[in-house]
Amino acid sequence: MSSSVPFTIPSLAGEVSDAVVKVLDSGWITTGPQTASFEQEFADYLGAAHVVSVASCTTALELCLRALDLPPGSAVLTPSLTFCGAINAILHAGHRPVLVDIDEDTLVPSAETVAAAAGRCEAAAMIVQNQGGYPVDVAALAEAAGLERARVIEDAAHGPGAARGGKPVGSESHAACFSFYATKNMPIGEGGAVATCDEEFADRVRAMRLHGMSKDSWRRYLPGGSWRYDVKTVGLKANMTDVQAAIGRAQLAALPGWQERRAEIVAGYDAALGGLPGLVLPQRNLDGVRHAWHLYQVRVQDRDAISGELEAAGVATSVHFIPANQMTAYRELLGADECARVPVTDRVGEELLSLPLYPGLTADGQDRVIAALTEALRTRG
C-alpha cells in the first residue's frame, strides 16, 4: 500500500529552477563562484567565521578528522545512536570508534556517559551529534571527555536552525558538519558543509576536499590563472558543485519560513499527543535551547508493530537510528564487549519512532498521523 502521508517530502524554493538554469547557461557548473557565494551566505546565516562546502556531511566528518592530524588508530568517541556515516568517517580516516551511551531524555550523550567512555580509552577526539535537531552542550561534553574544544567535531546534520545559549549551532564551533541531503531541513539533494571559527582549519579542509591541491580548477582557469598546482596533503574528492550551490542559495533564503512551519507542526503534535498513555514525547522546554526540529521522535513500546499499524493506515514513519553497535560490520570490527557498553542506547533504540515532519505536511495529513497513532496506542491501553 502506498502511503497517503509520506514520511517526508523535500521542500523546494520557487527560485530553484531559475537558479539552476543560470548556472547551466554560465558555462561553469563545478566548484566556482556560486559555491563561494553559498559558503559566505551560509556563514552569515550561522554567524560563523568560515564555511567550506563539501560533497556530504559524511565527507565533512572525515575531512575534519583528517584535518586534526591525529595519530593513526586514535580513539574517537561517538554516540552509538547515530547514522552509520559517522562511524564510517572515523574508520575511513584511519581511527577507532569508541561508543558512547545516551541520556534517555535528550537522546544525546551526557557528561556522565562521555566520561565513562573516555575512562576506558585515551580519546584523541570526539564526534557529538545534534540528534533530531536537539543542540548538544559541546563545552560540557568536551570537558567530560578531557578534550580541548578543537578536538570536538559536531555532527550538525540535523542542526540548521538550532541554537544553545542564543548562539546558533556552528557559530562558534571549531568544526560543525552540516548535511543538505534530500530529507534535511535545507535540502539540496546531496551536499554538506563545515563551519569553523579557525581560518587555518578551514584552509586545510578546503584543500583536502579537492585531493589536497593548492588551487581548484576555477582559480586555475580564471583569466591570468595558471595550470600549476601542488599537492601539500593527501585529500579526497569531496567538493560541492556550482549547480548544488545555486540550489542551496535559493533554499537558504526559504529556510527561516520552513523552520517556522516545522515549529507549528511540532506544537500541533504536542497538543494532540501529550498525555497519551504509552507515549513519550521529544525533549523540550530546556532553558537556552532552540530545537531545529529535523525529527519528531517519540518513544513507544511495541514500536515495530505500531509502525506497521500506521503504515496500514496510510501513514509512513521511520526510525532514527538503528544503533551502530547492532550493525553486523561494526560488531565484527569493534567486538562484542565494546558493543555491549551502550545499554540505554539498546533499550531506547527499540522504542524510537519518527513521525512525519516537513514544511509541506498539511493540517489534514497531520490529523491523519495523530489519529492513526492514537488508535494504535488505544488498542494497547
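**Cavities and an aromatic cluster**

Hi everyone, let me begin with a lining: around the second largest cavity there are six nonpolar, four polar and two charged residues. Here nonpolar covers Ala, Val, Leu, Ile, Met, Phe, Trp, Tyr, Cys and Pro, charged covers Asp, Glu, Lys and Arg, and polar covers the others, Gly among them. This is a predicted model, where local features need pLDDT of at least 70 and side-chain atom pairs count only at pLDDT 80 or more, while totals for chains, interfaces and linings use all residues. Residues are numbered from 1 along each chain as its sequence is written, and side-chain values use heavy atoms, with hydrogens and water left out.

Among the residues lining that second cavity are Thr 8, Lys 184 and Arg 262.

Now to the aromatic rings. Rings of Phe, Tyr and Trp (its six-membered ring) pair if their centres lie within 6.5 Å; planes under 30 degrees apart are stacked, over 60 edge-to-face, and the rest tilted. That rule gives eight aromatic pairs. Take Phe 38 and Phe 42: their centres are 5.9 Å apart and their planes at 5 degrees, so this pair is stacked. Both sit in helix α2 (residues 33–46), four residues apart, about one turn of the helix; helices are DSSP runs of H or I with at least four residues, strands runs of E with at least two, numbered from the N terminus.

Phe 42 also pairs edge-to-face with Phe 178, at 5.2 Å centre to centre and 85 degrees between the planes. This pair links distant parts of the chain, since Phe 178 is in strand β8 (residues 176–179), 136 residues from Phe 42.

Finally, Phe 38, Phe 42, Tyr 45, Phe 178 and Phe 180 form one aromatic cluster.

Conventions: On a 1 Å grid over the protein atoms alone, a cavity is a set of points where a 1.4 Å probe fits but cannot get out, and a pocket is an open set with protein on both sides within 12 Å along at least five of seven lines; lining residues have an atom within 4 Å of a point.
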